[in-house]
Amino acid sequence: MAPEESPRFIEVDHFQVACGGEHLAGDHFHSRSLEAGERVVSVLADGLSSGVEAAVLASVTAAMALEYVEWNIDTGTAARILMDSLPVDPVRCISYSTFTIVDARRDGRTRVFEHGNPPFMLIRDGALVPLADLGRRVHTQARWGNRRLHVSEFQSRVGDRIVLCSDGVTQSGMGSAELPLGWGEPAAAAFLLGRLARQPDLSSRRLSEQLVGRALDNDGEPAGDDITCGIIHLRRPRCLHILTGPPFDRARDREYANLARIPGVRIVVCGGTTSNILARELNRAVEMDLSMHDRQVPAPSTMQGVDLVTEGCLTLARVVDYLEAGACPRRNAASRLVELLLESDIIHFQVGTAVNEAHQDPALPVELDIRRNVIKRMAALLEQKHLKQTRITYY
Amino acid sequence: MDPITVTICAGTACVVMDGSGLVLLEEHLPAHLKGRVKVRGERCLELCHGHGAAQGPYVLVAGEALGHASFQGIAARIEQLLGTGA
């Protein structure tokens, strides 16, 4: 089935702030796409305490869970192996790392394994689904002492959001005059529901960022604990088409330009000649927005029916830099393209392969006109780092 | 008198040839030219396709192509057109 025809997509993203304003967080959220995107497994692990030691504990716990799953070990078995193998703090009798594992399939089959983290939340149709309705059971073993494993198994529906939080969210503000006992799960849930009531289409990235931002406000900067939120959203896929480069055969210009007319998808055009082809073939004006001037990245333009028009090679290379770094340090056309990429689920690159003769001038840097390589790197980053589905078609 | 339109090429080759700052032209014009020039950007003027990228960055001053464009060069051309040059 072509990606555009796929009726469901599992969108996963997270946001995190480290304790005390440090660079390294003691929480770890990681996901892996399996079975050609049919299944996504996500892990939130929270290492005991904070800093480097906690970061190592959380990272190892999450990595173990994902490796087991990759080796085709049942997720429930992987969770039990973690319970058996996690070192226990001799004083507090708690594991050196908590974890929540979500095993979500595109057909809706979902299993959640939890140990020690705040309970996951399932948001459906604008309301919180009681965990009791999801068959959440507690599993105990004599060798686990007082440590518990909670297991839930249910059928997700399109639109469902599974929200995982570290205790840095639910305990934010603890000890303050306003929140002496911390923010708490009900208040965090109410915050999420309120945000979704106003913006039902919020992406996992934005929603997790807003929740963590609010928790940080509760603490007052710097954060009193590592604050992490990860969200798994089963939704109709959002498609983005990126048109870049003129077609090799000029006779295909009209066909290429008509790609911008595909209904129900977002369209981005990258490249001066490419945008000129679209303007000519579709009889649409291109207006440049000089207010967004940036020394590194040329300003974006607007065109009716197109979400973003940018320069080509330099902007695309900068997008790759931002995706690799995991942050956009400047507000420019590249950062806007990164926003659109991360807000989308399926990204289809429509790449024209005509060689730009002007770029062959020996006066220009050799790095120019490596459009195809840049696109390949970008697609790989989007798939591996952000679990997006990508396709590249050459013209 | 209508302002003179200066169109800055924001194509890849022109940007690489130090053309990215030309969009700030209005800030760099002599005082007597301020308000007499309208600056706009163009995704790509495609002038490099005929004249070569090494002649960039390109701009159009009142519709006329100017290569190796700089603040001073553009201002000089505007002075010529307005007949205000030395």
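Reply: Helices (H or I, at least four residues) and strands (E, at least two) are DSSP runs, numbered from the N terminus. Pro57(B) accordingly has its place in the loop between α3 and β3 of chain B. This is a predicted model, in which local features need pLDDT of at least 70 and side-chain atom pairs count only at pLDDT 80 or more, while totals for chains, interfaces and linings use all residues. Residues are numbered from 1 along each chain as its sequence is written, and chains are lettered from A and ligands numbered from 1 in the order in which they are written.

Me: What joins Gly56(B) and Pro57(B)?

Reply: A cis peptide bond, with omega about 0°. Another cis peptide bond, also with omega about 0°, joins Glu221(A) and Pro222(A). Pro222(A) lies in the loop between α5 (204–219) and β11 (227–235) of chain A.

Me: Why is chain A called as compact as a globular protein of its length?

Reply: Chain A has 10 helices and 18 strands. Its radius of gyration, taken over C-alpha atoms, is 23 Å.

Me: What makes α8(A) oblique to α9(A)?

Reply: α8 (313–325) of chain A and helix α9 (residues 333–342) of chain A pack at an angle of about 60°, with their axes 9 Å apart. Axes are lines fitted to C-alpha atoms, for helices over the stretch in contact, and angles run from 0 to 180 degrees between N-to-C directions. Angles under 35 degrees count as roughly parallel, over 145 as roughly antiparallel, 65 to 115 as roughly perpendicular and the rest as oblique. The angle of about 60° therefore makes α8(A) oblique to α9(A).

Me: How do you know which residues of chain A and chain B are in contact, and how many are there?

Reply: Two residues are in contact if their C-beta atoms, placed from the backbone, lie within 7 Å. By that criterion, 25 residues of chain A are in contact with 21 residues of chain B. The largest share of the side of chain A that touches chain B, 4 residues, comes from α7(A).

Me: What confidence does the predictor give to the complex?

Reply: The complex has an ipTM of 0.86 and a pTM of 0.86.

Note on methods
Rg over C-alpha atoms; globule rule 2.2 N^0.38 Å.
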